[in-house]
Every structure is written in C-alpha cells, then in structure tokens.
Amino acid sequence: MKEIVVIIGGGIAGLEAASQLLKLGYTPIIVEKSGQLGGHVAQWNRLFPDMTPAKDLVSDLIASSKDANIFLNAEISFINRLKDNYNVMLSNGISIISRYILFTTGFRLFEAQKKEEYGYGIYNQVITNADLEHWFNTGKDDRINGKEIKSIGFVHCVGSRDEKARNSQCSKVCCITAIKQAIEMKEKFPDAEIYCFYMDLRLFGKKFEDFYIKAQRDHGIHFIRGRVSEVSENIDGNVIVKAEDTLLGKPIKVTLNLLVLMSGMVCNPDSTRSASMLSLPIDSDGFLKSSDNVMHITSSPRNGIYYAGACTGPKTVPETLAEARSAVLEIHSRIIGQQK
Amino acid sequence: MFGFRISPSSAINLDNVSRDRFSELCRIEPDALRCMACGSCSATCPAAEFSGMSVRKVLLYLQRGKEEEAFKIMNNCMLCGKCTMVCPRGINTRHLLLTICRIYEKEDRR
C-alpha cells in the first residue's frame, strides 16, 4: 500500500518534502492556503550569497513535486485523531485519512506598522524588505520610481530581538538580507550613500562574511552600530532618522530618501491554530516546539506528526530544504519500521 | 558675564559630513573601509592607556566628519606597528595612519 503523507504548507519545505516522498514511492498531499506554491521565496527576487534567482529554485521545486496531490486555496478546517490515523478535514470539503502529517507551515513576516516609531504606513518613503524585493521583481513602486534617490537606510532587527514586540528571537536572515539588498541598491543607485543601522551583525552562514567585507570595501556601504530610535518626515517628504552611534557614543542623525525596514520572521498564527487541534506544544518564541532542539528538530512529541522549515523557528533556505529532506527520512524510517 | 552659556551639540549630522578627503583616503587605502570595530588595535596599543589612542576611533571619527577629534588622538601614535600585527582583517594600520597624515595635512598647511 502506498502510504499517504499530508503536507501542510506549499512553500519550499513542503515542495522539497513532496518531491523526496515521491522518489521514495509515497503519496504526498500538499495543502496550501494561498493560490500559489513557493511561499515567501516565490515573492523574493535573488537569494544570498550567490544571487541565485529565487524563481529558478521555486520552479525547480514545483517541477520535481508535480506528481503530488496539491490542493490550493485550501485551509485546514479541523484535524482529529482516530485510532492509528489522523482525519484531516479541508475547507474545500475534502477529508484525508493519513497516519503521517508534516507541518511545513513556515513563518509570517513581522508587520512593520506595529513599530509605529519607524513610520511604516505613515511616511511615504518608508518601505519593508518585502516591498523592496517586490520592486526588484516587478519594477513597480512609486516610492522609488521617478524619485531622486541619493541616500538610503536599512534598519536591521525590525520586530526581531524585541521583547516589546513579543519577539525576542533573532530572525537570522535579516542581517545578510540587508547587506544583499544594500549591495543591490548601490548597484542601481551608484551615487547614493547607503547606511545600515544594526545592533549586532550576525553573519553566520557560508560566505556571509565575504558578503559583508564586499559591502564595506567594494561598495562603501556605511555600517552604523545603533538601533534607530525614531523616524520623522521633513517638508520634502524625506525621512530623518535618529540613532546613537554606539561605537562613538554620540547621537547621530541623517536625512534619507528611502528607508527600508528589515521585517523579521515571526510565528505563523495558522500553524499555531492547526497545532492546537492536535494539542502540539508551542515553544516560548511562539514557534512549534520540536521534541528536542538538538537531536530531533523535525519530530513532534506526537506519533506521526513531523516538522520541517521555519515553522519551528527562523531558518535560511538551505536549512529549510535540508530539514525537509531530513523529515522525509524520519517518516520513511518510521514507515519501514512499522512494516516489519 | 552671566553664568550661562550654550553647549555645542555633540550630535553627528551625516547630511553635513564632507566625504572628499575620506574618499581620497579610500582610493589609496581601500582597507580603511574594512574595519569592523573589533578594538584589537586599541587593546594592544602601548599609547592607548595614557592617551586614548585608537586606530578604530580615528577611522570612525574620520568617517563621521569629526576630523579634529581624530587628529587629537592620532598625535599620540608612536608608529610602533603593534596594531598592524593584531588586526584580524589584515589592515596595514601603520601605513594607513601615515597615509591619513599625508592626505589630511596637505590641506591643513594651506
């Protein structure tokens, strides 16, 4: 019998898991709440550190998982536990009986307007990292097109490492994303002065540090250690940013034509909702709690329920893909073990 | 005089910073941009504990347009080169300081 695996979420983790399950001869069923596959990565333009086009990655993943059953625009209505199986009821009226559920529900981007002092949604020239990727992809944004861009700022840690925003975790990828976007903007606006306001630069990944050195030395991007405290708008519609240069111990002020907020990764309320139907534990950061954070990051404390990707915390693209493969291997070993 | 005076602002306004001389410095010494402010240079500097000399601070002051402050602490450098030995990014700090003197002195002499 071909074992069915229900995958909740059609982002890169769900697609990679589906393609690996297909290779092993199982029947993956992807449930995706939106109308398209690829999740957040499908909205991105290029990926660090090699500037790989995001759409190539997503289209490769979609091609390799095309034989999976995919339900788009479908949400989880409820999940209940039968004797050995789970009954997953979808919003489109379809019910699936399966012994295995893989959560690949991912993260949600922090809503930058919640940090009111940064002025997103209030001042015209304040945008987010996601808005900037949208502009890279479509070329459409009146806040950039037709404007004189001579100075650009990037604010790291927007909604991350922020207990008042109820997200004490580091979102991991924003430092390197800010550097990537700063370099891309410098290439598009070579005369612009570009400032990155950071608390710490956390460049842990392969080639991330090289990227940082490149931004400093080859592109002359200014790094200012200090969290932006407030943003205001002047009469020309430009924004004035205030921070402390903590390396110098002096207050610092600069007028910018464009300010980009690096919105962080926060837990996805949809994944918390589905998890609550199975009484799955939630970790202190709001993300799903693995049965162990070192050895069993893809396992939940319940039989047959597995996790992959950013549903358990902020992850990079390669980490997410590796976890999807790892979760599939765990499911495979369990199925083999049960057949004996 | 009455007992009041206006304190000058110590704030840095990046809009008014002239970058001409620092850009010239970076053309000759591109490594000036690579400092990551780790503080190894200041920690090893034999003049630091007596005078506050710090290559990190010199570079930062120059980048923020505070040239007077930079020269004030730079005057205490003995050019021993210990900072060059410890810099993790391999910046030739001793050479860099000499280049700073050359570029910034040119205009000050008038």
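**A strand and its surroundings**

Modeller: The part to look at is strand E18 of chain A, residues 258-263, which is mostly covered, since 6 of its 6 residues are buried. Please keep in mind throughout that this is a predicted model. Along E18(A), Leu258(A), Val260(A) and Met262(A) point one way, while Leu259(A), Leu261(A) and Ser263(A) point the other way, and all of them are buried. In a regular strand, side chains alternate between the two faces of the sheet.

Two strands of chain A can be followed as partners of E18(A). Strand E11, residues 126-128 of chain A, runs parallel to E18(A) and is joined to it by 3 bridges, and within this pairing Val126(A) has Leu259(A) as its bridge partner. Strand E12, residues 151-158 of chain A, also runs parallel to E18(A), here with 5 bridges, and Ile152(A) has Leu258(A) as its bridge partner.

Apart from its neighbours within four places in sequence, Leu259(A) is in contact with Gln125(A), Val126(A), Gly153(A), Val155(A), Val231(A), Val239(A) and Val241(A). At least three residues of the core come from each of domain 1 (4-106 + 268-339) and domain 2 (112-264) of chain A.

From here the view can pass to the contact between the chains, which takes 13 residues from chain A and 12 residues from chain B. On the side of chain A that touches chain B, helix H5 (208-217) and strand E17 (250-256) each supply at least two residues, and the largest share, 6 residues, comes from E17(A). Sorted by class, that side of chain A has 6 nonpolar, 3 polar and 4 charged residues. E17(A) also pairs with strand E1 of chain B, residues 12-13, in the parallel sense over 2 bridges, and in this pairing Lys253(A) stands opposite Asn13(B) of E1(B).

Definitions and conventions:
Residues are numbered from 1 along each chain as its sequence is written. Chains are lettered from A and ligands numbered from 1 in the order in which they are written. This is a predicted model: local features need pLDDT of at least 70, side-chain atom pairs count only at pLDDT 80 or more; totals for chains, interfaces and linings use all residues. A residue is buried if 20 or more other C-beta atoms lie within 10 Å of its own, exposed if 12 or fewer, and partly exposed in between; C-beta atoms are placed from the backbone. Helices (H or I, at least four residues) and strands (E, at least two) are DSSP runs, numbered from the N terminus. Two strands pair if DSSP finds at least two bridges between them. Domain bounds come from an automatic or database domain assignment. Two residues are in contact if their C-beta atoms, placed from the backbone, lie within 7 Å. Ala, Val, Leu, Ile, Met, Phe, Trp, Tyr, Cys and Pro count as nonpolar, Asp, Glu, Lys and Arg as charged, and the others, Gly among them, as polar.
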